[in-house]
Amino acid sequence: MAGVSGAVVVRPYRPGDETAINDGFNAVFGLARPLGEWAWKFPAEPEGRWIYLAEAGGGLLAHYGAAPVRFRLGPVTVRAGQPVDVYSVPEARRSGVFTRCYEEFIRAYGNPDDLPLMFGFPGGVHYDMGLKLLHYVALGSAPVWRRPARRGWPALLGRPAVRSGFDAGASDALWGRAAGRYPFAAVRDAAWLGRRYDGRPGVEYEHFYVRRGGAATAWSVARAGGELLQVADLVWDGGDPADLVALDRAWVARARRAGIGRLEMWLGGDPEAAAVLAARGWVRQPDRSDFGMVARAFHPAIDLTEVGRRAYLTMGDSDLV
């Protein structure tokens with residue numbers, strides 16, 4: 001194989017591989033990610049590490065890993081895998097090593113008991129590669145929305161209170177009431193939100209809760225950086241549209257305090273929330289033909305057409321924020 005020296009071994013992750021995996025990631029993507037962030041993305045508990053790698057002569061050639069996500073599929077919840085940090089080193093490209101690594105991963109974990117659903121959000125050449133070589137199915141474009149950070153119309157009566165700071169109890173209670181609105185979605189309970197947004201080293205997210213009568217009726221989390229305020233995630237119980245208006249005001253105020261002129265979010269699978277936010281100045285961006293959700297199913301009962309039609313999607317479903 002051109003560029004590859006020695007016999008290629010493809011195998012599952014073993015403790016101690018993380019340094020080579022993270023070093024390879026940094027070299028391929030031109031980053032300086034600390035090892036602690038790798039551990040956050042691939043925690044040993046509670047779902048384990050779902051990783052395969054290819055090596056030769058003691059050097060890492062390719063990596064295929066998936067972050068486990070509990071995903072609701074109507075009446076059942078499954079462990080899905082989201083491919084992340086997928087790469088091969090330059091000398092292994094066009095050698096078939098990466099494809100072999102991927103196929104061994106799928107052979108080991110792509111089944112009803114381990115990872116019955118795989119989904120992700122590749123872009124550009126990786127999107128085409130996923131469809132043509134890795135047998136993923138396109139489910140639709142990423143639902144990108146944007147708005148300028150200008151104030152909307154003031155509330156006339158009874159503006160609900162918005163509080164910041166992560167509240168695990170409030171998040172669990174809200175998800176318990178709101179989950180029925182999201183029959184095809186990643187589970188957004190406190191355990192997941194805490195790991196996803198409060199456990200990431202070196203990245204600050206801000207939580208916003210709307211409360212009525214002491215109970216949270218809407219929640220979101222945002223990240224400010226550069227020229228954008230990214231609204232990473234959102235849960236709403238569907239009761240009062242004024243709760244989303246209150247969140248929108250809080251996002252705009254946060255952006256303006258940081259000198260940020262534009263807000264961005266993904267919002268798919270919740271037409272009621274989309275209508276409320278569109279009235280506040282949010283605009284759905286044109287779909288891209290080379291960027292969207294792709295998936296593979298490894299259980300005969302999973303209907304990918306239904307998943308694509310009904311999945312609730314936010315930026316937090318990807319690793320882009």
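A cavity is a set of grid points where a 1.4 Å probe fits but cannot get out. In this predicted model, one cavity of 30 Å³ or more is present. The largest cavity has a volume of about 30 Å³. Val69, Gln82, Phe119, Ala186, Trp192, Gly316 and Asp317 line the largest cavity. By class, this lining holds four nonpolar residues, two polar and one charged.

The overall fold was described next. The protein contains nine helices and 15 strands. Its radius of gyration is 21 Å, close to the 20 Å that the globule rule gives for 321 residues, so the protein is as compact as a globular protein of that length. The C-alpha trace spans about 70 × 45 × 35 Å along its principal axes. Of the 321 residues, 52% count as buried. Contacts between residues at least 6 apart in sequence were also examined; 74% of them join residues at least 24 apart. The accessible surface comes to about 14300 Å². Carbon and sulfur atoms account for 53% of that surface.

The largest pocket has a volume of about 1000 Å³. Its lining consists of 38 residues. Phe29, Val86, Tyr87, Pro122 and His126 are the lining residues that lie nearest the centre of the largest pocket. Several elements contribute to this lining. At least two residues each come from α1 (18-29), β4 (76-88), α3 (97-109), β5 (117-120) and α4. Strand β4 gives the largest share, seven residues. The lining of the largest pocket divides into 23 nonpolar, 10 polar and five charged residues.

The second largest pocket has a volume of about 290 Å³. It is lined by 19 residues, of which Trp40, Lys41, Ala67, Trp192 and Arg196 are the closest to its centre. Two or more lining residues are given by each of α2 (35-41), β3 (59-73), β4 and α6 (190-198). The class counts for the second largest pocket are eight nonpolar, four polar and seven charged. Trp192 lines this pocket and also lines the largest cavity. Strand β4 supplies residues to the lining of the largest pocket and to that of the second largest pocket.

Met129 lies in helix α4, which covers residues 125-132. Helix α4 is also among the elements that line the largest pocket. Met129 has a relative accessible area of 27%. Buried means under 20% and exposed means over 50%, so Met129 is classed as partly exposed. Beyond residues up to four places away in sequence, Met129 touches Phe98 and Leu134. Met129 and Trp38 are 91 residues apart along the chain, and their C-alpha atoms are separated by 24 Å.

Ser171 is placed in helix α5, residues 168-178. Its relative accessible area is 4%. The cut-off for burial is under 20%, so Ser171 is classed as buried. With neighbours within four places in sequence left aside, Ser171 is in contact with Phe166, Ala190, Leu193 and Tyr209. In summary, Ser171 is buried, whereas Met129 is partly exposed.

Technical notes: Residues are numbered from 1 along each chain as its sequence is written. This is a predicted model: local features need pLDDT of at least 70, side-chain atom pairs count only at pLDDT 80 or more; totals for chains, interfaces and linings use all residues. Side-chain values use heavy atoms; hydrogens and water are left out. On a 1 Å grid over the protein atoms alone, a cavity is a set of points where a 1.4 Å probe fits but cannot get out, and a pocket is an open set with protein on both sides within 12 Å along at least five of seven lines; lining residues have an atom within 4 Å of a point. Grid points are joined across faces, edges and corners, and a volume is the space filled by probe spheres set on the points. Ala, Val, Leu, Ile, Met, Phe, Trp, Tyr, Cys and Pro count as nonpolar, Asp, Glu, Lys and Arg as charged, and the others, Gly among them, as polar. Helices (H or I, at least four residues) and strands (E, at least two) are DSSP runs, numbered from the N terminus. The radius of gyration is taken over C-alpha atoms; the globule rule is 2.2 Å times the number of residues to the power 0.38. Buried means under 20% relative accessible area, exposed over 50%, partly exposed in between (1.4 Å probe, protein chains only). Contact means heavy atoms within 4.5 Å. Accessible areas come from the Shrake-Rupley method with a 1.4 Å probe; for residues, only the protein chains shown count as cover.
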